[in-house]
Amino acid sequence: MSRVSVIGLGKLGAPLAAVLAARGFTVVGADVNPAYVEAIGAGRAPVVEPRLQEFLDAGKARLSATTEVERAVAETDATFIIVPTPSQADGGFALDYVLKTAEPIGRAIAAKTGYHLVVLTSTVMPGDTDSRFRPALERVSGKRCGVDFGLCYNPEFIALGNVIHDMLRPDFILIGESDRRAGDVLQAIYERVCEKAPAFARMNFVNAELAKISVNSFVTMRISFANQLARMCDRLPGADVDVITGAIGLDSRIGKKYLKGAVSFGGPCFPRDNVAFARLAARLGTEAPMAQATDRVNRDYLDHLGQRILACVPKAGRAALLGLAYKPDTGVTEESPSLALATTLLAAGVAVEAYDPLAMPESRAKLGETVAWASSMAACVAKADAVILLVPWAEFRQLTPALLKNGGAGVAVFDCWRQLAPAPFQAQGRYLCPGLGPD
Ligand SMILES: NC(=O)c1ccc[n+]([C@@H]2O[C@H](COP(=O)([O-])OP(=O)(O)OC[C@H]3O[C@@H](n4cnc5c(N)ncnc54)[C@H](O)[C@@H]3O)[C@@H](O)[C@H]2O)c1
């Protein structure tokens, strides 16, 4: 099977289309947004993502795009759906965009004589693939899932800023399958795409749906645990959160990842997947107190951090914020802790100047002219009384006292991710960070 369509060419869909084309598949992308279709058609990246342009260039001869979903499906043998599933007021994920794709996909399948594989990649609530999406496809196509066409639920575990790498070298591929044939066809696609042979976890739909949100719920639990530890270290003379997490991370039952003790988690997936996990428990008539505590610790920690940062800005002083995206290597600011902290400072009457290598347009659209927008790290910190490093972008490690007002004399540097060597800053002004004993 070498002809694949990708429905939804956004932050995840555009990289997937480019990677598939670069690895030799003939790919037809489809999106309702004509600007994204035009960009892919012209070989330009419709979203900001490292290495996306390189893969678009490599796959150019085999990649086309259209606004007609039905045509994209008709011209291919397998279809990935990566459209939004926004959070609802109750914490669950809306299926409206996914169900909308069932119409054109079902019509195209109805007109086909051969087998077609449909792959749902958007994150959905457990139960939705089998109870809502499969029946919609069968109704429109008039064909039977598992017989005339196959269906897989195959969510992604990528991190924005690292999407291409994570697609090429995933830890594992999670596949919920309508039947063995559907899973075999999808596994064969990944075996052609991945640089490193991944583990395949194949199961029914509902297990895959619950496994998907379980991963993010578990990972955020670790982040909140480490943040809670950092908060305790803030009050304990001689304590150092890095020393503690470094030690416990050596235990193979624990491991080192996502145990930093730095800033609350944010972004388009972590906060909402965790809320959805708790919501599912409630729907099932049970509880998920660990997921709820993870979420509460995350919010409380952000307030705590905000108070500590505020305390280091002198009255009527000026703060420089370095980093606005929810993580490095992306311009996405959805649920960004940095924007929440900027709002806390502004509400307290602090004059804020901010800089981020990629997230300036999104941040400016959200905060407007309440903030002064700097064109570089150096411009951002030059006049500040306090410099707050909020996101661990690599370029922020180049910060030196020489870039600061008066060579750093009297300037407070609050280094949330402990990226800098403290000594040069301590020699001139103050160096503060989470998790390293009382200030
Ligand atoms: N962004 C992430 O980090 C991430 C990680 C894991 C999972 N996911 C999941 O992947 C899904 C997509 O996320 P994203 O970040 O790529 O979203 P996105 O908003 O960046 O892109 C979605 C695209 O789908 C298009 N679209 C909407 N309705 C359509 C339709 N009927 N037909 C064709 N195109 C349509 C939109 O125009 C948009 O370009 C969501 O379910 C999300 O939860 C996202």
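Modeller: Two residues are in contact here when heavy atoms of theirs lie within 4.5 Å. The model is predicted: local features need pLDDT of at least 70 and side-chain atom pairs pLDDT 80 or more, while totals for chains, interfaces and linings use all residues. Residues count from 1 along each chain as its sequence is written, and side-chain values use heavy atoms, with hydrogens and water left out.

Biologist: What makes domain 1 and domain 2 neighbours in contact?

Modeller: By that cut-off, 14 residues of domain 1 touch nine residues of domain 2. Their C-alpha centres are 30 Å apart. The bounds, from an automatic or database assignment, are 3-203 for domain 1, 214-297 for domain 2 and 309-432 for domain 3.

Biologist: Why are E3 and E8 called edge strands?

Modeller: Strands are DSSP runs of E with at least two residues, helices are runs of H or I with at least four, and both are numbered from the N terminus. Two strands pair if DSSP finds at least two bridges between them. The open sheet of eight strands runs E3-E2-E1-E4-E5-E6-E7-E8 with mixed pairing, and E3 (63-66) and E8 (199-203) each pair on one side only. On average, neighbouring strands there are turned by 25 degrees against each other, direction ignored.

Biologist: What about the open sheet of six strands?

Modeller: Its order is E11-E10-E9-E12-E13-E14, with parallel pairing. E11 (372-373) and E14 (430-432) have a single partner strand each, so one side of each lacks a neighbour in the sheet. E13 (412-415) is joined to E14 by three bridges, and Ala-412 has Arg-430 as its partner.

Biologist: Which residues lie nearest the centre of the second largest pocket?

Modeller: Gly-267, Pro-271, Arg-272, Asp-295 and Glu-335, out of 20 lining residues. A pocket is an open set of 1 Å grid points over the protein atoms alone, where a 1.4 Å probe fits, with protein on both sides within 12 Å along at least five of seven lines; lining residues have an atom within 4 Å of a point. H12 supplies the largest share of this lining, four residues.

Methods. Axes fitted to C-alpha atoms, helices over the stretch in contact; angles between N-to-C directions.
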